[in-house]
Amino acid sequence: TPAALYFIRVRQKRPEYDRCIREHIRNRITSVNKGQENQVEKKEQKKRIAANTLYTMGGLIFMNGVLQLIITPLLNRYMGAKQLGELLYITGLVAIICPSIGQALNTSRLVVRRSHEVTNGDYDWILLLFGVLGSSVALFMSRDSISGISVGIGVFALFMVTVFRYYGDVEYRLNLNYQRYFIYYLLIGVGYLAGFVGYRITNQWLWIYLIGEAAALCYVAVTGSVFHKFFQRSGHFSVALERGFFLTLSYLITNTTMNMDRLVIKQILGNEQVTIYYVVSLIGKTLVLLIAPINTIVISYLTKRKELLNRSQFGKSVLAGGGVAAVFFLGCQVGTPLFVWLFYHDLFSSIKGLVTVVNLAQVLGLFSAFLFILVLTFTDEKWQLWIQLAHFVILLGTSVLAAKNYGMIGFAWACLGANTLRVVAVIALGIWKAKPAKKEGE
């Protein structure tokens, strides 16, 4: 009968139906498990990022805390403001030349590795070449502040060692090993303290910095391999050289503008004015301790992933960075007078009228550095170079004229105007170059 035939057909299809049901249940369970695993993985990644940020900030805060809160105030006490101004001029050249080479090649390697299998030797060759050239130029520029051949040799050694130290932490950025990154900078701070003992014994300030920088390089030599196979280059050397060169020029311009006070003020207003401006801008510059770790984490993770920042993500990052910059500015306004009164009491009366303008200029400079790191992950290095070059020309021209006519307050206003223009230019570049967010289904 028809009913019997229908019953037989249903019975025949039952095993297939049961198999489909079981397969659907297994797929559903697998999908749920994968979703839970992804959520756990995202939570773990957030924890790692937070921990890595703390390690990075901790090491840099300790190193710079030792330098700015202990070493420099003590040197001011033993040397006096005028002689300290001479020392600050040389360390200003260190702050310009050494990170411009070492840190630029450090960052370049993180970016280039996404598209080319570069080796240690590629960057070690470039580091040595740029280091010798840069150190020679810096030695020539500081010739009037150097007394004797032995001091000249020591200053050249300081430039070279510091260049390699700025590059050396790429060992831990490549591997995201920020515990050792923390120890790397911890040892620099301990080395500065040991070097200060050497200074008190020999009356030679070079020992402070040489021992600190050398301590970090000894550590990376023992725990890392970034300087292994030093002279073995790959077929991608020319790419590393070209991109490293442009980023080095960009960093050179940035660091020159950040330390323009030591160059321009020394030539126009004198050594004692160098010390005064350094002191009033120190809290703002020390915020590099907080910005640099963020930049380190940002570029390390952004260059690890395949997707580039889209326009929406860039805009949100700009707003977040602007909010942090505003908090930093308020902190500087409170911290700067207190810091000067505690550690440089003899200079306290000299900073009136400078604090707000100088702090705002410093914070905008640090904010633009953060924006540059974001933009670097999805644009060519040449764009950064052109913006930095334009900023440098504007700052140099306006600061020299303003310092001659209005003194330090004129110099401070020139810095504020130039840094504001740079922030606007970098944001405009990011909005222009970042691609729109993909719509669902694309």
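**Exercise 1. Determine how H9 and H10 are oriented relative to each other.**

Solution. Step 1: locate the helices, which are DSSP runs of H or I with at least four residues, numbered from the N terminus. H9 spans residues 260-268 and H10 spans residues 271-286. This is a predicted model, in which local features need pLDDT of at least 70, side-chain atom pairs count only at pLDDT 80 or more, and totals for chains, interfaces and linings use all residues. Residues are numbered from 1 along each chain as its sequence is written, and side-chain values use heavy atoms, with hydrogens and water left out.

Step 2: take the axes, lines fitted to C-alpha atoms over the stretch in contact, with angles from 0 to 180 degrees between N-to-C directions. The axes of H9 and H10 come within 9 Å and cross at roughly 160°.

Step 3: classify the angle. Under 35 degrees is roughly parallel, over 145 roughly antiparallel, 65 to 115 roughly perpendicular, and the rest oblique. H9 and H10 are therefore roughly antiparallel.

Step 4: list the contact (heavy atoms within 4.5 Å). H9 contributes Asp-261, Arg-262, Ile-265 and Lys-266, and the residues from H10 include Tyr-277 and Tyr-278. By class, the contact has 4 nonpolar, 2 polar and 4 charged residues; Ala, Val, Leu, Ile, Met, Phe, Trp, Tyr, Cys and Pro count as nonpolar, Asp, Glu, Lys and Arg as charged, and the others, Gly among them, as polar.

**Exercise 2. Describe the packing of H2 and H3.**

Solution. Step 1: H2 (residues 81-112) and H3 (residues 120-141) have axes 10 Å apart, at an angle of about 165°. H2 is therefore roughly antiparallel to H3.

Step 2: among the residues that meet are Leu-93, Ile-97 and Gly-102 in H2, and Phe-130, Gly-131 and Gly-134 in H3. The contact divides into 12 nonpolar, 6 polar and 1 charged.

**Exercise 3. State which elements line the second largest cavity.**

Solution. Step 1: a cavity is a set of points on a 1 Å grid over the protein atoms alone where a 1.4 Å probe fits but cannot get out; lining residues have an atom within 4 Å of a point. The whole structure has 2 cavities of 30 Å³ or more.

Step 2: the second largest cavity holds about 140 Å³ of space. It has 14 lining residues, and the closest to its centre are Thr-257, Met-258, Ala-361, Gln-362 and Asn-419.

Step 3: helices H8 (237-258), H13 (355-376) and H14 (381-433) each give two or more residues to this lining. H14 gives the most, with 6 residues.

Step 4: the lining divides into 7 nonpolar, 5 polar and 2 charged residues.

Definitions and conventions. 1 Å grid on protein atoms, 1.4 Å probe; cavity = no way out; pocket = protein on both sides within 12 Å on 5 of 7 lines; lining within 4 Å. Points joined across faces, edges and corners; volume = space filled by probe spheres on them.
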